[in-house]
Amino acid sequence: MFEREKEQLNDLKKEYENIPISLESIDQAISTGFQKAKAEERKSRMKKRSAFGFIAAALLLIGLFSSIKNSPALANYISEIPGMEKIVSMIRDDKGRMAAVEKKYYQKQGVSDEKDGLKVTIDGTIADEMGMVLFYSIESKEKLKEVMFDDVKIRAKDGTALDEAYNSFGDAHSSDKGESKFSGEIEYFFEVPIEAKEYIVDLKIKDMNFTINLKLNEFKKKKEYAVQQTMDLEGQKINIEKVTIYPLRAVVKLKMNDENEKYILQLDDLRLVDENNEVWGNIANGITGSGDKDTEREVYLQSNYFKEPKELYLVLNSAQAIDKENAVIVVDTEKMKILKQPYGNKLRNLRKEDGRLIFDLHTKKPFRSAIFSTITDAQGKEIEVNSQSMGTEEEKGTSRLGIELPPIDRSQNPLTIDLSFYPEWIKGNEKIRIK
């Protein structure tokens, strides 16, 4: 099953065998590398970016080979299902999903629909009562330079309403030379548990509608731990209410203390740790949480569902946080001035370029998060953000942040921008036992 991949990468693998770092370190570097690649996608230096993408892809395959080699159970399972190695390559940075495959919780589907030389197949699924991941492949009789879903909808066959919380069906697949086969994953998560086992998936590509029927096996039951303990980072308190572990992800329900002087934006390294110091951390690709920064919130982590540790802890050392009295950005788009921002004046040089508002974000270390959230005008009316962009210039120590807005007239100024991320941190050493 893997002879072709091993032959293609054998020479490259030999070069890495003499480098004095562990395979675990390589795996961590891959994950970091992909995040960096995403952040740098919008930089203008395309040649440099392409070279980095090749290296990251090669390292991905080496890490995949290592994962398979070190897990005979996973290797055997993959060998039973043609094309399974592609699915494993998609989920290899999520320990919970990898464990689901290893424990044979992945469900083979192989259901398709075809129109005008284009065939869409749902190859398999991993699902639980709160969400499902659909792994798909697209085959075309003609080579295509780009293909993408215009829309994906999932509905229960019996008509049961689905209270959708989040969905993602990916970006466009592109190839300069053109390809006839593409693969990817579709994610759906729900506000309330789903019970139906039969679904209809409606997909749209190039103005063509595809319909695929899907049947799911019985779901594994969730594991729930009541916690009701408090974490404290520099006097800012986070009340951990409970932890619920599903096959696809772990959900940490928490609430910020009303007396906190800061808004806690992001819990950078919140993680589950067992008695052997094995870690299940942030979700690398996909939604990482929901809720408001000053009230109740859910944080999503990789799942340890298929592990049975004797002890399990929730650990936190760092969080992004800003003072409540100075927690927004206020800008005048007529005068091109930043009227207010969090302490430190990290945002500078407000300007317009190609119809976008552009800021320079100055930090000591690269900060690769799009920081902007809701934008309201002077009358308190929310303004729709068409898109956000970012790129890093590491040699200059700056990030270039952009917002594409509809036309703004003078009466709407100034604009107030809420923040979802910001390069200010509070630290601590919190560890709560949940099992």
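Q: Where does D116 lie?
A: In this predicted model, D116 lies in the loop between strand 1 and strand 2.

Q: Is D116 buried or exposed, and why?
A: D116 counts as exposed because its relative accessibility is 72%, and the cut-off for exposed is over 50%.

Q: What is the phi of D207?
A: D207, not a glycine either, has a positive phi of about 65°. D207 sits in the loop between strand 7 (198-205) and strand 8 (208-215). With a relative accessible area of 65%, D207 is exposed.

Q: How do strand 1 and strand 2 pair?
A: Strands of a sheet pair through backbone hydrogen bonds, and the pairing can be parallel or antiparallel. Here strand 1 and strand 2 (residues 118-128) pair in the antiparallel sense, over seven bridges. To find the pairing in the model, look at E114, which stands opposite K119 in strand 2.

Q: How many strands form the open sheet, and in what order?
A: Five strands form the open sheet, and their order is 1-2-3-6-5, with antiparallel pairing. Strand 1 and strand 5 (164-168) each have a single partner strand, so they stand at the edges, and one side of each is left without a neighbour in the sheet. On average, neighbouring strands of this sheet are turned by 20° against each other, direction ignored.

Q: How many bridges join strand 5 to strand 6?
A: Strand 5 is joined to strand 6 (residues 173-190) by four bridges, and the two run antiparallel. In this pairing, E164 stands opposite F190 in strand 6. The two strands form a hairpin with four residues between them. In the turn, G170 has a positive phi of about 80°.

Q: Where is the place of Q109?
A: Q109 is in strand 1, which covers residues 107-115.

Q: Is Q109 buried or exposed, and why?
A: Q109 is buried because its relative accessible area is 15%, and the cut-off for buried is under 20%. Leaving out residues up to four places away in sequence, Q109 touches I122, D123, G124, T125, L214, K215 and L216. A polar atom of the Q109 side chain lies 2.9 Å from the backbone oxygen of K215.

Q: Which residues in the largest nonpolar core touch the most other members?
A: In soluble globular proteins, nonpolar side chains tend to be buried together. The largest nonpolar core here has 75 residues, and M132, F149 and L314 touch the most other members. Strand 3 (residues 131-147) gives the largest share of this core, eight residues. Apart from this core lies another, of 25 residues, among them A327, F367, I383 and I417.

Q: Which residues does L314 touch?
A: Leaving out residues up to four places away in sequence, the contacts of L314 include M231, I240, V243, V252, L270 and L272.

Q: Where is K381 found?
A: K381 is found in the loop between strand 22 (372-376) and strand 23 (382-383). K381 is exposed, with a relative accessible area of 60%. Not counting residues up to four places away in sequence, K381 touches I375 and T376. K381 and L415 are 34 residues apart along the chain, and their C-alpha atoms are separated by 9.8 Å.

Q: Where does S389 lie?
A: S389 lies in strand 24 (residues 387-393). At 14% relative accessibility, S389 counts as buried. Its side chain and that of R356 are joined by a polar contact of 3.4 Å. S389 and A370 are 19 residues apart in sequence, while their C-alpha atoms are 7.1 Å apart in space.

Q: What is the form of the peptide bond from N413 to P414?
A: Most peptide bonds are trans. The bond from N413 to P414 is cis, with omega near 0°. P414 is found in the loop between strand 25 (398-404) and strand 26 (415-419).

Terms used: Residues numbered from 1 in each chain as written. Predicted model: local features only at pLDDT ≥ 70, side-chain atom pairs only at ≥ 80, totals over all residues. Heavy atoms only, no water. Buried < 20%, exposed > 50% of the residue type's maximum accessible area, 1.4 Å probe, protein only. Polar contact = N/O pair within 3.5 Å; in protein donor to acceptor, adjacent residues only side chain to side chain. Contact = heavy atoms within 4.5 Å. Pairing = 2+ DSSP bridges. Axes fitted to C-alpha atoms, helices over the stretch in contact; angles between N-to-C directions. Core = buried A, V, L, I, M, F, W, Y, C linked by side-chain atoms within 4.5 Å.
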